[in-house]
Amino acid sequence: MIDEMAYAGPEHLDAAFVAGFDRKQGYPDPAADLDALAAQGLGTGSAVVDLGTGTGQFALAAARRFGHVTAVDVSPAMLGLLRERAAGAGLGNLDCVRAGFLSYQHAGPPADAVYTRHALHQLPDFWKALALDRIAKMLRLRDLIYDFSPAEAEAEFRSWFEHAAADPAEGYTAEDYAEHIRTEHSTFRWLFEPMLTAAGFEIAATEFQGRLYGTYTCLRT
């Protein structure tokens, strides 16, 4: 088994980077993701696992709406910040676990849903497939997935660079995008969707933003 810490990206392990992570990432209100789970029957008694929770923006909101949330991440810096936020909000139904897609071992009753956002792309495709195979029940997934053909890649990447942020504190710069392309493992959509099917998921809904940010709601078949 690979060492998932080695694939986390060094910036996600750095407390200084983590402190400004929310501002740079620009994560919108998670209400739409929560509503998607609620539409599949989740409620105040439901248990949710957030894999690759980061600073816990989704996990904190989910803990206010659902019965229990397990927030999972490989980064001690991310989990440290999340524990502080959960304690400050008085959320006793949120637990933090240091683990990854391949090493997390779920304890207690089966989860009603599993959520992940912008984290699965850290793994190469072989390990993505194994990670998906380990996820049970229901999956709400948003990640960086290439919704274009290999022949279109150069033009798409040039567009990213031209519209990138100038200030690295405010958004992702051209250098950030280039690093992602070189060192991380975003997958073409036409490769990723068969992985979901092979893992036993039925794709209930799909939405793409900018031919990069793909959101999937899947049911376990």
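## Close-up views of a predicted model

**View 1. The largest nonpolar core.** Of the 28 residues in the largest nonpolar core of this predicted model, L132, L139 and F192 touch the most other members, a nonpolar core being a set of buried Ala, Val, Leu, Ile, Met, Phe, Trp, Tyr and Cys residues joined through side-chain atoms within 4.5 Å. At least two residues of this core come from each of β1 (47-51), α6, β5 (138-146), α9 (189-198), β7 (201-209) and β8 (213-220), where helices (H or I, at least four residues) and strands (E, at least two) are DSSP runs numbered from the N terminus. Another core, of 21 residues, lies apart from it and includes F66, V69, A86 and L94. Buried means under 20% relative accessible area, exposed over 50%, and partly exposed in between (1.4 Å probe, protein chains only).

**View 2. The surroundings of F192.** When its neighbours within four places in sequence are left aside, F192 is in contact (heavy atoms within 4.5 Å) with L120, L132, L141, I145, T187 and Y216.

**View 3. The buried face of helix α6.** In α6 (residues 125-134), the residues W127, K128, A131 and L132 are buried. Seen down the axis of α6, these buried residues fall within an arc of 140 degrees, so they line one face of the helix; the arc is that of the directions from the helix axis to the C-beta atoms.

**View 4. The packing of helices α7 and α8.** The axes of α7 (residues 153-162) and α8 (residues 174-183) come within 8 Å and cross at roughly 150 degrees, the axes being lines fitted to C-alpha atoms over the stretch in contact, with angles running from 0 to 180 degrees between N-to-C directions. F157, W160 and F161 of α7 make the contact with A174, Y177, A178 and I181 of α8.

**View 5. Two loop residues with positive phi.** H118, in the loop between β4 (113-117) and α6, has a positive phi of about 55 degrees although it is not a glycine, and it counts as buried because its relative accessibility is 16%. R211, in the loop between β7 and β8, has a positive phi near 60 degrees and is likewise a residue other than glycine; at 30% relative accessibility, R211 counts as partly exposed.

**Notes to all views.** Residues are numbered from 1 along each chain as its sequence is written, and side-chain values use heavy atoms, with hydrogens and water left out. As the model is predicted, local features need pLDDT of at least 70 and side-chain atom pairs count only at pLDDT 80 or more, whereas totals for chains, interfaces and linings use all residues.
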